[in-house]
Protein chains: 2
Amino acid sequence: MQPISEIAHSLGLTDDEFEPYGRQIAKLPLSVLEKRKGGPQGKLVLVTAITPTPAGEGKTTTTIGLTMGLNKLGVKAVAALREPSLGPVFGVKGGATGGGKARIEPSDQINLHFTGDLHAITAANNLLAAMIDNYLLAGNPKRLDPRSVSFQRCLDMNDRALRKLITGLGGKSEGVPRETGVEITAASEVMATLCLAEGYADLKKRLARIVVGTDETNEPVTAADIQAEGGMAVLLKDALKPNLVQTIEGNPVIVHGGPFANIAHGCNSVIATRLALALGEVCVTEAGFGADLGAEKFLDIKMRQAGLAPDMVVLVATLRALKMHGGVPLDSLKAENLVALEAGFSNLARHAENLKKFGLPVVIAINRFPTDTPGEEEALEKLCKAHGLKVALSDVFGAGGAGGEVLARLVTETLATETASFAPLYPDSLPLRKKIETVAKEIYRADGVEFLPAAKNRLAYLTKRGYGNLPVCIAKTQYSFSDDPTKLAAPVGHTLTIRDAKLSAGAGFVVAYAGTLLTMPGLPKRPAALDMHLSDDGEISGVM
Amino acid sequence: MQPISEIAHSLGLTDDEFEPYGRQIAKLPLSVLEKRKGGPQGKLVLVTAITPTPAGEGKTTTTIGLTMGLNKLGVKAVAALREPSLGPVFGVKGGATGGGKARIEPSDQINLHFTGDLHAITAANNLLAAMIDNYLLAGNPKRLDPRSVSFQRCLDMNDRALRKLITGLGGKSEGVPRETGVEITAASEVMATLCLAEGYADLKKRLARIVVGTDETNEPVTAADIQAEGGMAVLLKDALKPNLVQTIEGNPVIVHGGPFANIAHGCNSVIATRLALALGEVCVTEAGFGADLGAEKFLDIKMRQAGLAPDMVVLVATLRALKMHGGVPLDSLKAENLVALEAGFSNLARHAENLKKFGLPVVIAINRFPTDTPGEEEALEKLCKAHGLKVALSDVFGAGGAGGEVLARLVTETLATETASFAPLYPDSLPLRKKIETVAKEIYRADGVEFLPAAKNRLAYLTKRGYGNLPVCIAKTQYSFSDDPTKLAAPVGHTLTIRDAKLSAGAGFVVAYAGTLLTMPGLPKRPAALDMHLSDDGEISGVM
């Protein structure tokens, strides 16, 4: 690893433009961005994926590897990634620092506390929560209805016993008993809010407008009514500064913000993306889960709010996942199966078609696995070409930046020869239900949307209260285009059911729930924590 | 402020012996201590106080000012302080970075997230908690009784609504419903455990022995049974490294660990104290609340476990507090009152007498307030001298290191001329109840101890299970020698009532509860958070 000061210098940062956190991590103050306003801007490349297997298809690994590959070609590329959450690290999924020879470092630190951003978000969230209960007890001048309080506490931990709880027990002096819950920090409104904020002034405005519940006449009560936004902003001061690290080949990576991609919008922070664009020739970034969830939200929420536009999209596919979509069970994905591959290709084709609806050039990256056969790779390349899709084989897990050069070359060619004409899928002015219907039909390819009564009422209420102009964030399973995780490939004839909706006023979107989605994961029977050790000399092992 | 690298160099640390966190804070890896084992050791000076007013008597300010004063005299003194907790910062009491011209910097950062130690402790604590509930759900091979689980979650926040709650609601798949609570992080067993650990190996051993509940036959079930100690240790890796900052006069200060002084032992970490002794000629450190609580625990718990011995004690007194002990109400403490001063002096005299029972030289520091009158100061000096007590006026709040030179000179003289012969108050072998009785009689000056049935049973149980050799940590009000906060000065004829007891196996002590003590504070009607702001440029105001 190079000293982080060298990485910072390679980006043209002066010594007072980065704050070291140890020798391998730095925070970049917001003044860095301020100073470069109006200056040259890099190209923006979004990495997304087909509908994934439970193991994921290697979006982060491809993002890192593509960045390494571009740098090998002499292009000053900067990756912009999300921060890991401790919940999955100690639970089952693992960290978020890539894999094989396409990794970022120092991975243990990044996967654990990193620079404390998630802890700061947890603290800011829980300050508001404590102030709400204190407000109820100390006079409650706005007549906040305790039963209406929708703002929950959060913890950066997988802890299913906290999904539903009753707090404020123990008698009159201990508070107002009420049913509530605890979310994982990555699913919290404060996380989404921070990731979409443009700076301190905007952050404060967003925090102030968070709706915590309603009064007796059903009018929203906000964090501003509780006077919590000042204390929350103070706690988030350093968390709003992006973090600089490096790939194992010494290329710059900005890792900042980590909202979930179902309940929230699933992208790293707007500030981090802007910073990567200001400091590099190309910013390679990613969005969570498959393109129906992550890319749609990246484009319709993050790009819309920030007024940014991507220049192209890399759609990551694996032969394993395509075979799964072609009907092969998870435990048989290693065997060659050209028939299943062709059947499952419909998933890839639909995602690519969807992305083009946003006016974006698309290339396919085949993320190589050791079990892939030459016959399958050839077949997939042919299928792509038959569908008019540019494709590159990417072996960044196995070969690092060298394995990403073919993809990097395809990306630079595409950037040089194709012009994006990005537009979000729907205008702000479209009513909330129409927005949901648009995403359902255009992206999920549903025949229509069924709104259950709770959803109808909530969407009508939010429209009446002036939130109808916000974009929608549909919380749906990542395992299917539809809301049924068993419907693989490119399902047709399905209806999207919207069960309920929730305002995320700080983030600036309305969450629509298709099915039941957990905002607090549980630990598996055998948590990853069981395999973690710290040696007597302080060496960490078992953190993935 | 000087760059932290200069402070580190002034202590003889090389560039690879400190890890910068920004430009003004560094973490010191444990190898620094390891390398200096067997080398020269500084003198250890404990700063404690008389029974305080609710505002506190300025122990931290005196510790900082004395360190500055010693450095002014050419003595290489290093202060070792506790870390602030976010709960009091956002609640009512404020931070822990001193006051006036005796402060440490960067105070906003220290009072907010600092280097994330408290967040790491919160995470490690809550990982164990989540793993306990997961263990109950996932087979429970040790037959842990859900109703017996005594280990609680924690948060670094004042949040009274979390004192008592019911978790695991929502049906069979969500866990086992049970009544539990949330403590503030400073009151958690993990905090006390970290502060008493000697290194990574010892930390792991201590974490493993934390008792989380009992099985069907009433046998303890530990964190080791849940296999949580590895993951917890991984989360605590960086938190075990002491933090280096500076006084506003550029003297080195180590700030590390912050357990409460009633429910826990109230001192900074053993590792930080050892480090200050290895790096400086004098280590000035403090213990929470009055000497009956903080100093007794510092001596009987921290010094006993670490095998360290202090060289002398500075007992901080204020004229205000002495007048309060002499019967003056809190709102009239500004007026001169020599009669009350003399009456209240009994509190000071008793604390000094107590400290001498440990074989320690004692000097009195009068911490000057602007409302003090020359007549009062003179009267107090006379009273001290009449009782054979060395005394110095300290004006570090008003005049910084220059205002601490008189005290610093008295301290260096005392270190040069008097020899401590430290011994803890009781031997390990004394039974738990006898230990409590010893502290009650020798320190609190109670006629005796009444053990309520729950306490009797618990102490007998702990003795039977092999924990009888541990020291006791008595959780008592800080406002009186007795367990009744209204009994000021030097009460006699009182009985100490022990209501219950609790094992803190990781920390290595048994907590005995004298009265009801909150392990989760609440926010006041008007929390300090209401006055905090972040400017559009990221400047913090209102954090004290």
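Which residue forms a salt bridge with A:Glu174, and how far apart are the closest N and O atoms?

Mentor: Keep in mind that this is a predicted model. The partner of A:Glu174 is B:Arg163. Their closest N and O atoms are 3.2 Å apart. That is a salt bridge because the cut-off is 4 Å, between a side-chain nitrogen of Lys or Arg and a carboxyl oxygen of Asp or Glu. The count between chain B and chain A is 6 salt bridges. Polar contacts across this interface come to 27 residue pairs, with both residues at pLDDT 80 or more.

Now look at the side of chain B that touches chain A. Several elements of chain B give two or more residues to it, among them β1 (19–21), α6 (117–137), α10 (229–236) and β24 (533–534). The element that gives the most is α6(B), with 10 residues. Sorted by class, this side has 35 nonpolar, 17 polar and 15 charged residues.

Next, the extent of the contact. Chain B brings 67 residues to it, and chain A brings 67 residues. About 5,900 Å² is buried between the two chains. Carbon and sulfur atoms give 65% of that area. In chain B, the residues that lose the most area to chain A are B:Arg23, B:Val234 and B:Leu534. Together they account for 11% of what that side buries.

Turn to chain A itself. Helix α8 of chain A covers residues 200–208, and A:Asp202 lies in it. A:Asp202 has a relative accessible area of 19%. It counts as buried because the cut-off is under 20%. Leaving aside neighbours within four places in sequence, A:Asp202 is in contact with A:Leu196 and A:Ala197.

Finish with strand β16 of chain A, residues 312–317. Here 6 of the 6 residues are buried, so the strand is largely enclosed by the rest of the structure. A:Met312, A:Val314 and A:Val316 point one way from β16(A). A:Val313, A:Leu315 and A:Ala317 point the other way. Both sets are buried.

Strand β3 of chain A, residues 43–49, pairs with β16(A) in the parallel sense over 5 bridges. In that pairing, A:Val316 of β16(A) is the bridge partner of A:Ala49. Strand β17 of chain A, residues 362–367, also runs parallel to β16(A), and 5 bridges join them. There, A:Leu315 has A:Ile364 in β17(A) as its bridge partner.

Technical notes: Residues numbered from 1 in each chain as written. Chains lettered and ligands numbered in written order. Predicted model: local features only at pLDDT ≥ 70, side-chain atom pairs only at ≥ 80, totals over all residues. Heavy atoms only, no water. Helix = DSSP H or I, 4+ residues; strand = E, 2+ residues; numbered from the N terminus. Buried < 20%, exposed > 50% of the residue type's maximum accessible area, 1.4 Å probe, protein only. Contact = heavy atoms within 4.5 Å. Pairing = 2+ DSSP bridges. Buried area = accessible area lost by both parts, 1.4 Å probe. Polar contact = N/O pair within 3.5 Å; in protein donor to acceptor, adjacent residues only side chain to side chain. Nonpolar A, V, L, I, M, F, W, Y, C, P; charged D, E, K, R; others polar.
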